[in-house]
Amino acid sequence: MTPLNFTPKSNTFLFASVSIVLVFTLIYSHFRMNSLSLKVSDLNANILTLSTALSSTTEVLQASIKDTNNSLFNALSIEQKKVGAITEQLGGVQNQYGTLSGTLTNLQKLAQTDPELLKKYSKAYFLNENYVPARLSEIPLTYQYSESKQMLIHSDILPHLIDMLKNASSSKINLYVSSAYRSFAEQKALKGNYSLTYGAGTANSFSADQGYSEHQLGTTLDMITSGLGGNIDGFESTPAFEWMQRNAYKYGFVLSYPKNNGYYVYEPWHWRFVGVKLATDIRNQDKTFYDLDQRKIDEYLVNIFD
């Protein structure tokens, strides 16, 4: 095999060739670096532009969100105020409805309640001979002093009477009914007998004429207790009377003719039902039924059986 021989001339050519290649490589590399640098600069510029645009967009969005929130808050506030106003109006309507409903209920009660029940009859008002309470019930024999005659009372008052007599009994007080409802004719006959026995003048001091007796209302009772032999005149000095003075108002009963009244002699046995509310107010004000103005008394009619 023949060995390669490089001559000086060939060496020079080779060196020149390599140098040219290196120069071109450097030129190309420099060009590429400049190109890449420009692209990086462009990319940075684009990133900066995008960042600026994004920042601006974010600010716009934040402002828009804030405006939207404010709008929603204002709208909600307005709606809440509307709801509040509507609620207030409804509350007013409900109050008006409740008041109206209560008024209608009272009117219904008044329409079903006999207006005569709270009138001041003794020598002041007159009940005609045809007047009879709408509903009368018999008083149980347990609470009647005499079993020889039927005793009647207004049906709505009977529960109050029974409660009173039961509670008196539980306190070891013996209370009985001596007289209750009397018709116009019964009062006329009774007054006639009294007039014959005591004289008309004396009879007028303690007994009402027919049509002027509270007993005709079916709301009034003469009370008695054991140990008097059936004589109601001795009722004042008994524990039963003391108990009635302390407790009768709780059941709606008042003493019609206390001492120094302007109608009849003092009658400690004569008790009239006027309703718990009126009886309580009379006691608290230290008044009597006949002390009150009739217009004031009429205000209690709606509550008479409560």
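Predicted model: local features only at pLDDT ≥ 70, side-chain atom pairs only at ≥ 80, totals over all residues.
Let me start with lysine 172, which is exposed, at a relative accessible area of 73%, where exposed means over 50%, buried means under 20% and partly exposed lies in between, all with a 1.4 Å probe and protein chains only. This lysine sits in the loop that joins α2 (158-170) to β3 (176-179), and lysine 172 has a positive phi of about 65° although it is not a glycine. As background, most residues other than glycine have a negative phi.

Residues are numbered from 1 along each chain as its sequence is written, and side-chain values use heavy atoms, with hydrogens and water left out.

A second residue with a positive phi is aspartate 286, where the angle is near 55° and the residue is again not a glycine.

Now to the overall layout. The protein has seven helices and six strands, where helices (H or I, at least four residues) and strands (E, at least two) are DSSP runs numbered from the N terminus. In sequence order the pattern reads α-β-β-α-β-α-α-β-α-β-β-α-α. Of the 306 residues, 30% count as buried, and the protein exposes about 19,400 Å², of which carbon and sulfur atoms supply 57%; these areas come from the Shrake-Rupley method with a 1.4 Å probe, and for residues only the protein chains shown count as cover. If we take contacts, meaning heavy atoms within 4.5 Å, and keep those with a separation of 6 or more, then 67% of them are between residues 24 or more positions apart.

Let me turn to the strands, where two strands are said to pair if DSSP finds at least two bridges between them. Strand β4 pairs with β3 in the antiparallel sense over three bridges, and within that pairing valine 177 stands opposite methionine 223. Three bridges also join β4 to β6, again antiparallel, with leucine 221 opposite tryptophan 271. Strand β6 in turn pairs with β5, antiparallel and over three bridges, and here valine 254 has arginine 272 as its bridge partner.

How many of the five residues of β4 are buried? Five of the five are, with Thr220, Asp222 and Ile224 pointing one way and Leu221 and Met223 the other. In general, side chains in a regular strand alternate between the two faces of the sheet. Strand β6 (residues 270-273) is likewise covered on both faces, with His270 and Arg272 buried on one side and Trp271 and Phe273 buried on the other.

Leaving aside neighbours within four places in sequence, threonine 220 is in contact with residues including Ser179, Tyr181, Glu214, His270 and Trp271. The side chain of threonine 220 also reaches the backbone oxygen of glutamate 214 at 3.3 Å.

Next, the nonpolar core, by which I mean a set of buried Ala, Val, Leu, Ile, Met, Phe, Trp, Tyr and Cys residues joined through side-chain atoms within 4.5 Å. The largest one has 52 residues, and those with the most contacts inside it are Ile139, Leu161, Leu175 and Phe253. Helix α2, β4, α5 (239-247), β5, β6 and α6 each supply at least two residues of this core, and α2 gives the most, with six. Beyond its neighbours within four places in sequence, leucine 161 is in contact with Ile139, Ile153, Val177, Leu221 and Phe253.

Finally, helix α6 (residues 276-284), whose buried residues are Leu278, Ala279 and Ile282. Why are they on the same side of α6? Because they cover an arc of only 100° around the axis, the arc being that of the directions from the helix axis to the C-beta atoms. An α-helix has 3.6 residues a turn, so residues three or four places apart point the same way. The buried residues of α6 pack against β5 (253-255) and α7 (294-298).

Definitions and conventions:
Polar contact = N/O pair within 3.5 Å; in protein donor to acceptor, adjacent residues only side chain to side chain.
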